[in-house]
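Work through these exercises with the model open beside you. Try each task before you read its solution.

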Amino acid sequence: MTLAAFIDRSRKDKEDWKYTDLNALLFSSFPRKRESIASDSEHKSQLPSNYSDCSADNRARLVFLNGVWQPTLSHFATVPSCILMGDLESGYELTLGEQTCLVAQPIELVFVTDNDAPHEIDLKFFIDIGANGRLTLLENHRASNAITTIETDISLRPHAKFVHGKIVQGGAHLATAKAHVATGGYYNNFSLLRGGMPIRNEIDVILEGEEAQAALNGVMLLRRAEHADTTTHLLHQAPQCASRQVYKTVLDGKSRGVFQGEITVAPDAQKSDGYQLSRALLLSDQAEMDAKPQLEIFADDVKCSHGSAIGCLDEDALFYLRSRGLDEASARALLIKAFVTETLEEIQIEEWRVLFRREIETWTDAQTAREKK
Amino acid sequence: MLSIRNLHASISNKEILKGIDLSIPSGQVHAVMGPNGSGKSTLSYVLAGRAGYDVTEGSVTFNDMDLLKLSTEERAAAGVFLAMQYPVEIPGVTNMMFLKTALNAIRKAHGESELDAMQMLKLLRSKAKDIGLSEEMLKRAVNVGFSGGEKKRNEVLQMAVLEPKLCILDETDSGLDIDALKIVADGVNALRSPDRSMIVITHYQRLLDYIAPDAVHVLAQGKIRKSGGAELARELEEKGYADYGCEAA
Ligand SMILES: Nc1ncnc2c1ncn2[C@@H]1O[C@H](COP(=O)(O)OP(=O)(O)OP(=O)(O)O)[C@@H](O)[C@H]1O
Ligand SMILES: [Mg+2]
């Protein structure tokens, strides 16, 4: 879906786009000047130098430069190279046959841009996992100076399991992921969104078969005038499905965070179990969070709950930590990390938990350094 | 040596402390008793440097430092420690991490090297054992889901780890069963030393059977109304606070 298509949607469905305005992208000075990205020390410099930190280990990594897959820069480890097909134009296909299991070998998709990047990069992915197949995939979107759109269609056949991670390190990023989950299938999404000029991360899950499950989690870390929007639609279509969502947002400066989470339980979807939690931490009184949880339940025998809370750092806890010797900035950093920890615990892959924790620490440490100045 | 002179403090313009005078020489343990709402916790928060408490008059010096000029963390580094009446829960931070970060922050402020993970683990394990907290409690989030008594023990554990110079125990005995009271008292007594002063705030004579005080003070309506020896605590236990212009607590 192109930027134009996104904007068109946002104009048609005003309710769903109440808090995120894409019009600004049409006229803004975006993309930022390359120099400004290069001078931002938190963003690693662009390819190939930013890629050097990745080549050390043996993880399977598929590299996309300006949206174009680069087989020569990619590293397959033990993953068959035919796993990925297609091109930027027609979209990329990732197909996993029945019973194929690639969990022990997570695949990372790294998206980088360079000086030749076009104004807009429109990505499409088709992910199909056969019955009993297992796939673990991490999308890593480096801070980009192009507007990136990404549309992902996901089919999970019976009892397929897909662990889908995503890191967005900044830039304008508009994404829709739609997952169809068949009987006994499991879709797990974890998104870490930083920056945001803006970011819109939409996740639609349709639990189509009995006992299908979904777990959606995420962290948004925002400051300055950044804007990030997570919008989820969870449809319980079949009986005995379970879904769980835990989202945390930390906002500083004049940033704005949005969480819209809708759970719909169809009339036939008895014994559905849905849980949703969104919590936001405001570090500045100019930051803003809009949370819109929505439950639409058409079946009678269901267990669904949602909660949403927006708050500041706990003054009592800050005092407690300081009274034990921590300086104010360290106490704040510790509490921010603690705030997002609950979400990190939802990540089942140890390696990713470490990776996400490191990303979060980089952010809070930069935040702390800024406060100390 | 702690020296409090004519200390007045207010919370949102309401005066709570109305001229406290109190001196505690190094090595001594002083008990502060008094009816509910008399300002005991307020005094301890003012000493620890909590925001929202305005000192309008008076001075506090501790080992020749002007305590009131220091930030909360500077006071902690100078050796002030408050075992709180209501310890705070911190979800997402393990007790182990909390103790480790606190001890290293204080060591750093003293110009000492930080302890590495192994040294820290050894120290924390042994201190936790002394105070009767299991290792499992070290792995849990700070005070989250702790019973009232466990929270109080946890305060004493922090005190034992940080080895402060001025210990303020605000009703650390409330909510403790007899066995826990003995363990906590042992922990406190183990910390008694010639270069350490302690303020023990309590409602009960019982605690003072285990922690023998050098002096007992009655704080009522924002002022020290009477000071004496251990016998004063027994007298209060019998007569209540009626002599101090208050209903029996
Ligand atoms: N944040 C506050 N705002 C207004 N009044 C307060 C506040 N905190 C304390 N006070 C008042 O200050 C007075 C002293 O309270 P403090 O907690 O110091 O009493 P205390 O002696 O510790 O009592 P207790 O024995 O019940 O613990 C009380 O009247 C209390 O209501
Ligand atoms: Mg009190």
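**Exercise 1.** How far is an oxygen atom of ligand 1 from an N or O atom in the side chain of His203(B)?

*Solution.* First, note what you are looking at. This is a predicted model, where local features need pLDDT of at least 70, side-chain atom pairs count only at pLDDT 80 or more, and totals for chains, interfaces and linings use all residues. Residues are numbered from 1 along each chain as its sequence is written, chains are lettered from A and ligands numbered from 1 in written order, and side-chain values use heavy atoms, without hydrogens and water.

Step 1. Find the neighbours. Ligand 1 has 14 residues around it, and Gly37(B), Lys40(B), Ser41(B), Thr42(B) and His203(B) come nearest. Here a residue is near if one of its heavy atoms lies within 4 Å.

Step 2. Read the distance. The side-chain N or O atom of His203(B) is 3.0 Å from an oxygen atom of ligand 1.

Step 3. A polar side-chain atom of Thr42(B) is 2.5 Å from a ligand 1 oxygen. For Gly37(B), a polar backbone atom is 2.8 Å from an oxygen atom of ligand 1.

**Exercise 2.** At what angle do helix H5 and helix H6 of chain A pack?

*Solution.* Two packed helices are described by the angle between their axes and the distance between the axes.

Step 1. Locate the helices. H5(A) covers residues 328–344 and H6(A) covers residues 350–372. Helices are DSSP runs (H or I, at least four residues), and strands are too (E, at least two), numbered from the N terminus.

Step 2. Read the geometry. The angle is about 155 degrees, and the axes are 10 Å apart. Axes are lines fitted to C-alpha atoms, for helices over the stretch in contact, and angles run from 0 to 180 degrees between N-to-C directions.

Step 3. Classify. H5(A) is therefore roughly antiparallel to H6(A). Angles under 35 degrees count as roughly parallel, over 145 as roughly antiparallel, 65 to 115 as roughly perpendicular and the rest as oblique.

**Exercise 3.** Which residues make the contact of H4(B) with H6(B)?

*Solution.* Step 1. H4(B), residues 117–130, packs against H6(B) at about 130 degrees, with the axes 10 Å apart. The two helices are therefore oblique to each other.

Step 1. List the residues. H4(B) gives Leu123(B), Leu124(B), Lys127(B) and Ala128(B), while H6(B) gives Leu157(B), Ala160(B) and Val161(B). Contact means heavy atoms within 4.5 Å.

Step 2. Sort them. Six are nonpolar, none is polar and one is charged. Ala, Val, Leu, Ile, Met, Phe, Trp, Tyr, Cys and Pro count as nonpolar, Asp, Glu, Lys and Arg as charged, and the others, Gly among them, as polar.

**Exercise 4.** Where does Pro198(A) lie, and is the peptide bond from Met197(A) to Pro198(A) cis or trans?

*Solution.* Step 1. Pro198(A) sits in the loop between strand S11 (186–194) and strand S12 (199–207) of chain A.

Step 1. The bond from Met197(A) is cis, with omega near 0 degrees.

Step 2. Now look at chain B. Asn13(B) is in the loop between strand S1 (2–11) and strand S2 (14–24). Its phi is positive, near 65 degrees.

Step 3. Most residues other than glycine have a negative phi, and most peptide bonds are trans.

Methods: A polar contact is a pair of N or O atoms within 3.5 Å; within protein, one must be able to donate a hydrogen and the other to accept it, and residues adjacent in sequence count only if both atoms are side-chain atoms.
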